[in-house]
Amino acid sequence: MDQEKDQFEIPEILPMLPVREIVIFPYMILPLFVSREKSVNAIEEALSRDRLIFLIAQRDMTDEDPTPEQIYNVGTIAVVMRMLKLADGRLKILVQGLSKGVISEYIQLKPTFLVKIQQIHEPEVAERTSEIEALMRGIKEQLEKLISFGKVLSPDLVLILDSIDEPGRLADLVCSNVGLNVVRAQEILEILDPVERLKKLSEALSKEIEVLAMQVKIQSQAKEGISKTQREYFLREQMRAIKDELGEGDERTEEIKEIRGKIKRAKMPEEVEREVNKQLKRLEQMHPDATEASMVRTYIEWLVETPWGISTADNLDIKKARQVLDDDHYDLEKVKERILEFLGVHKLKKQMKGPILCFVGPPGVGKTSLGKSIAGALGRKFIRISLGGIRDEAEIRGHRRTYVGALPGRIIQSMKQAGSNNPVFMLDEVDKIGADFRGDPSAALLEVLDPEQNNTFSDHYLNLPFDLSKVMFITTANLTDPIPSALKDRMEVIDLPGYTEEEKLRIARKYLLPRQLEENGIDGRVLDIADQTIRQIIAQYTREAGLRNLERELSSICRKVARRIAEGENGITKVTAANLHKFLGPPKYLAEAERDENEVGVSAGLAWTQAGGEMLYVEASAVKGRGSLVLTGHLGDVMKESAQAALTYARSKAKELGIDDNLFAEREIHIHVPAGAIPKDGPSAGVTMAISIISALTNITVKKNVAMTGEITLRGRILPVGGIKEKTLAAMRGKIRTLVIPHQNKKDLDEIPPYVRKKMNFVLAKHMDDILAIALDDRKLRRGRRNKAAKK
């Protein structure tokens, strides 16, 4: 061995491999499995050099990435004899200890440890005294005792020890084979004097013999109390005997006592308390290692930790609640009024059922954050679960306890998490619930969201009624159409249609910009953004009903300003309409080009999208053909049917409009809606198509400053449509000042902000004749009708 050590010239700097649960000694040959990235790099580094590596124990066995402070200083210089790459990516190496070493300096920490070491030369024993001889013999006798007590050691170890005369080598060999814990083994490794090392080893072996002797005594005591019919309880009796020796109480008794205390504090209904006491008696009679015992224990824990009678006190100060809502959200008066009404009623009537609200609106309008604000205003806990993509009914109602690993559904889990039985409970994305062979979660929600039933909600796992009537449920959805009608009927739907440009500007000033300044560590005094600049961001860099993209753009500006400050630039950064592109790049959205003059066959319509309203120009041309109708522009089925209805109406009114009947047979009418790559559908473009067709056939121009929306019937009646607020805002952006809407949509004008109503001239139309008089050139239309009357 000494010859092998001499053939390696040990360098000052070596790669280091921290090892767990073992201390490597000189003369020791053993295999190691290496999986950590740093450790693999250390092996590769050693193999690329001279195969030498420094093996050292780490203090904390659970630490995957130990720091120098978590590694001992003294270790063993070893040589990598063999290396094998395993299929699972680990390395298996065979190493041989050469000599001890101590770390004097860490040269490198990543990608692997490189350390500067100082080799430890063990002092030679000049003379083998009687003391040394006695110590060496004593250690051999202690090893034989360990073997007699059942300690498993290599059968060749005693034979090898007989041939070793060096006390230091004897200590290292024994210490590396008896399986001492890391702390004791490291203490022995760090002792340089061979004689002192033998003494320390002798002490450690004496303690090990005492432990094994006690173990044998415990086993004999346990066997005396075990009959032939109780063989399966052997291990449990061993543990009890150990507890008796240590003077500790019975853990099982303590557990039962603790559960009884929890039952008293849980304020359970009488029915639930009877059930939990019944289950507790079953648990006491079961063997602790039985499979069913763990299931019963888990069930009892759920029963005692569910908030059956624990409620939080509501904040009934209506003015304070209003202040909290106003501080967190701008506008949204409908929602705020509904919450304050609930508080008002609750103040007069203490026992009342919680409302079930459904916030419907496009993404980014603040539905989820509004739920948090409501919880803050009421002084309640807030919990939220997302229902998007849920397809299993058990997600709502839980699994029955007959299944291994069964748990309550997400409703009861969330109630336990909240710790009270009256939280504000938000169910996000209720319009995106799925269904498959495992059941229909929306059907399970019918009981949860029904005020007449949810006071006895039954989870399959608990199998006991839980009162959900005190919970304020708030659901969110982007659209109401996918929500099953029975589920929709149980909820009070509140629309959050989106924000106007003016509202977005105020929200950005009051909420978004201050929040981004704080998140990016910027003082508000070093950034100057004018209102006009924010308007330009809204118009040219976002196209949404909500505020998410607007906040992202403001965040982008703040990050660039933060970088300038970090690079040492001082002064105020002004973001203007002229230099906005330097912060956000070129505009992402350009406004529709404004029409310069009235045109034949071109009319302005309006469409609703999830991102708000959009201008929709409809073009019609009458060219020579066979009387067919051509539709282009990626139109949906409903829109195609609206075009057919518009054409039929125009044909039925041909005489009144001065159109030759033969013209329909000799002309091909082509209707095109620009932006052909974007799918379009819906009935609200019916009146727009009719105006374009009539304009193309009569050669009468359509007024450029008039936009319209409405569904047309074959008799020319105008039916109501949705999204009037969003469409009005789109018309404003398109610099339209006259908007024709169905007469039955008059009620929707109340939803439009007053400052918008002042700028827009609304025309309420019951029939197409009303729209013809407004949209087409009046003089040409009247002249055409007079000529037709004269011919008659």
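1. An axis here is a line fitted to C-alpha atoms, for a helix over the stretch in contact, and an angle between two axes runs from 0 to 180 degrees between N-to-C directions. With that in hand, take helix H19 (residues 501-519) and H21: their axes come within 10 Å and cross at roughly 45°. Angles under 35 degrees count as roughly parallel and those from 65 to 115 as roughly perpendicular, so H19 is oblique to H21. The crossing of H19 and H21 is right-handed. Keep in mind throughout that this is a predicted model.

2. Which residues of H19 and H21 meet? On the H19 side they are Lys504, Ala508, Leu512, Leu513, Arg515, Gln516 and Leu517. On the H21 side they are Leu550, Glu551, Leu554, Ser555 and Cys558. Sorted by class, the contact of H19 with H21 has seven nonpolar, two polar and three charged residues.

3. H21 (residues 548-566) also packs against helix H20 (residues 531-541), at an angle of about 125° and with the axes 10 Å apart. That angle makes H20 oblique to H21. The crossing of H20 and H21 is right-handed. H20 brings Ile537, Ile538 and Tyr541 to the contact, and H21 brings Leu550, Glu553, Leu554 and Ile557. By class, the contact of H20 with H21 has six nonpolar residues, no polar ones and one charged.

4. The axes of helix H10 (residues 270-285) and helix H11 (residues 291-305) come within 10 Å and cross at roughly 155°. Because angles over 145 degrees count as roughly antiparallel, H10 is roughly antiparallel to H11. Is the crossing of H10 and H11 left-handed or right-handed? It is left-handed.

5. The contact between H10 and H11 is made on one side by Val272, Glu275, Val276, Gln279, Leu280, Arg282 and Leu283 of H10. H11 supplies Glu292, Ala293, Val296, Arg297, Tyr299, Ile300, Leu303 and Val304. The residues of the contact of H10 with H11 divide into ten nonpolar, one polar and four charged.

6. Next, the sheet. Strands of a sheet pair through backbone hydrogen bonds, either parallel or antiparallel. Here five strands form an open sheet with parallel pairing, in the order S8-S9-S12-S7-S13. The edge strands, each pairing on one side only, are strand S8 (382-386) and strand S13 (492-495). From one strand to the next, the twist averages 20°.

7. Within this sheet, how many bridges join strand S7 to S13? Four bridges join S7 (residues 356-360) to S13, and the two strands run parallel. Cys358 stands opposite Val493 in S13. Helix H14 (residues 367-378) packs on the sheet and touches S7, S8, strand S9 (424-428) and strand S12 (472-477). The direction of H14 makes about 175° with that of S9.

8. Finally, the whole protein. It has 30 helices and 26 strands. Why is the protein described as more spread out than a compact globule? Its radius of gyration is 42 Å, well over the 28 Å that the globule rule gives for 792 residues, so the protein is more spread out than a compact globule. Taken along the principal axes, the C-alpha atoms fill a box of roughly 145 × 70 × 55 Å.

Technical notes:
Residues numbered from 1 in each chain as written. Predicted model: local features only at pLDDT ≥ 70, side-chain atom pairs only at ≥ 80, totals over all residues. Heavy atoms only, no water. Left-handed = near helix turned anticlockwise from the far one by under 90°. Contact = heavy atoms within 4.5 Å. Nonpolar A, V, L, I, M, F, W, Y, C, P; charged D, E, K, R; others polar. Pairing = 2+ DSSP bridges. Rg over C-alpha atoms; globule rule 2.2 N^0.38 Å.
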